[in-house]
Structure formats: structure tokens, C-alpha cells
Amino acid sequence: SGLFFALTFHNQSNYLKMRIQLVDSSNRDHLLPLTFTRPVSELRCGILTIAEKYTRRGHAVGNETQSYLQRKYPSLAKADVAVDGGVCPTDEFLAAAEALTLGQSLCKGDTVIAWKGEKPADTSGSVCFEGPLNIVARPWDIWGLNAAELEADFDLITAGRTSAPIHETCTVIGDRIFLEEGAKATASILNTTSGAIYLAKDAEIMEGCVVRGGLALGAHSALKLGTKIYGATTLGPHCKVGGEVNNSVLIGYSNKGHDGFLGNSAIGEWCNLGADTNNSNLKNNYDEVKAWSYVSKRFAKTGQQFCGLIMGDHSKSGINTMFNTGTVVGVSANVYGAGFPRNFIASFSWGGPQGTMEYKLDKALDTAHRMMQRRGLAVDDVEKEILQAVYEQTSEFRR
């Protein structure tokens, strides 16, 4: 039995120490503007970012991404296996990836998803992975896969653990709810029968909220008084949200603090949606939604009937802003004014329905610094380099 224990521990130890290079594939450009400022693996879907889904399982990860992002998101000097950065891992997938030998690769459909050695040009020699697997390849996958990933992350994070107590003033329906240390909810209705509810450390649900899961509420995030949440919705760390939210993901450090509707949307970091900002997530004729494609540089079909707002980091909307179905807003845009702005707003733009002008880089950096300072952070040299690179890369869309 001692030998069995030693072998079991050795095998688990090897498994836990896999070094995984998460690689931005061609899907990276389809995921703009959210991937202007981060690798694909740093997108949040479920409770965790894609990278955190690996590190939570004990693996070391690095990123092979755009050169201007590598200082913030470094690569591994030596990796055991390379994986498409959009792959949300399962234990079955990780076992298949670990079993690859040099020169072998795994594919899912017509996509190579893992490989050892050089990445193959196509899937002709790949082993097909037959198990279920979620891959974030388009912005709408972030909210479209959010329910399944939230459930998987909930099970991963809470297995064998006990939740902090839930205040007696709450009405809890179902039992898939977990509060980390310091999290609290008071005088609210929390329904977990349609999805799990997870509150990270020091998260708060204020009085009068009505939540139909799934919901992931990140560390130090808050639902303000009387908020209405429909799942599956994820608010990353340090977010403040009010009003009505349906099946949306805020990656982190972003606010929608007042009344207004947000549905089927993906919002980056350091964004602020002003009071009574609303977005449409369904066309009046129930037709397929088109959205701006950075790949084709035109509006393209999404295959989605429900598609709301896709907003890059550091962008803001003024009070009473109305976003039409499938609106794409770039990085560091400031949108305001009566009426619907265009369905595509370029990065570093300032304006609204009456037109936009360039949002000068120095002014945008100053605003970013002031917002980040409120969270005890700063626009350091690395952040400046990233925003400078995005500013230069997106100049063609402002012309």
C-alpha cells in the first residue's frame, strides 16, 4: 500500500506540474476589442479567467501573445505543451494534452487546440478530441458559454469546502450557493435553481436585490440596492452594478452603478456605464444581429439573435446613453449624447450620435490614471506601452 500511495502521489504531482503555454490563435483578432489589452487566456468566462482555470488545477501557465503585451503577460521559457488560449479546460482535455508526444497535436473539429513541438499547419495529422469542450472564439462566446463555465468553475472552486453563513434576512431558493470569507448578502432573494450563485471574498449583495442564478460576484464587487440579475451573469473583481443585468460578463474593475439595462454583453476592465445607460440585445424584427468585425473591417453576421454591447477596456458612457443591438466600442472611448451612437465606435474616440473626434492619448491616459488610482493602482510604464500600442494600431478606424 505504501508503494501504491507513492506512485499515486508521484503521478498526481507530475500532472499538477504541467507547464502550459497558452497561445493566441487566429481567434484573437475575432475577439477584439477585448483582446487589444490582454491575451485571449485572460478573458473571463464563468467565475474564472481562462488562465485561472488552469492555475486552479495546479498548472503553471505562460502566454504567447502580441509583443506589446508580453511584458505584462510573459511566456514560459520552456513548456510541456502549447494550448489554444481560448480553450476552457476539462480534466479529460488536460489528460489528453499531457499524453501527447513530441510532434503530436489535438484538434477539435477543424481547429488545432493543443500540440507539442511545432504547431501543425492544419488538422490532417491531429488526434481528434471527442470530449465536450468549450472554446472562446468570438465575443458572444463569453456570455454564450458563461452558464456552463460558471457551473464548472463553481464545482472546481467549492469542492469539499463549506460556505460562509448566509444572512437570515435572505430568501434562498435551492442549495447551489457559496460565500467566501467576508462575503455578505442581506434582505435579498437568491434563486439557485437555474444556476449557481458564487460570492468571492468581500463581495456584497445589498438589500432588495433579486438574483436568478447563475451569478459570479468577484472579490470586492457589489450589487447595489434593488439590483435585478438574470443568469448567467459574471462580475469580475471590484465591480459595482445596479439596475437590470441579463447574461452579461464584466471582466473586472468596471461599474454600472445605476438603473438601466445591460444584456448579452461583454465589458472589459476600467469601464463605466453612466446612469440609465441601456443597450438593446434583440432586434425588433428578431433577425440575426450583425456586429463590427476587426478581421473583415466591416459589419458581419454573428449567428446570434441575442447580441448586446461589446466594450473594450477604459471606455465610458454618459448618462442616458442608448446602445443599439450588436454595438462594438473600442478601447478608451468616451460615448455620450442623446440618441443612438453608431454601432461601431473606434478606440480613442470622443463623442456620440452627432459624431466623434479623436480622444488624445495624453487625455485618455490621464483619465485612466484617475480611475485606477481610486482602486489603489496606477498607469505604470507597462500600461502606458499597451495603451500607446493600441492607440497606434487603431488609428485607421478613427479616420
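## Helix H8 and the chain around it

Helix H8 (residues 381–393) has 13 residues and should span 18 Å at 1.5 Å a residue, which agrees with its end C-alpha atoms lying 18 Å apart; the expected span is 1.5 Å times one less than the number of residues. The model is predicted, with local features needing pLDDT of at least 70 and side-chain atom pairs counting only at pLDDT 80 or more, while totals for chains, interfaces and linings use all residues. Residues are numbered from 1 along each chain as its sequence is written, and side-chain values use heavy atoms, without hydrogens and water.

The protein chain as a whole holds nine helices and 37 strands, which are DSSP runs (H or I, at least four residues, for helices; E, at least two, for strands) numbered from the N terminus. Of its 399 residues, 54% count as buried, and among contacts with a separation of 6 or more, 43% come from residues 24 or more positions apart. Along the principal axes, the C-alpha trace of the protein chain spans about 70 × 55 × 45 Å.

Methods. Buried means under 20% relative accessible area, exposed over 50%, partly exposed in between (1.4 Å probe, protein chains only). Contact means heavy atoms within 4.5 Å.
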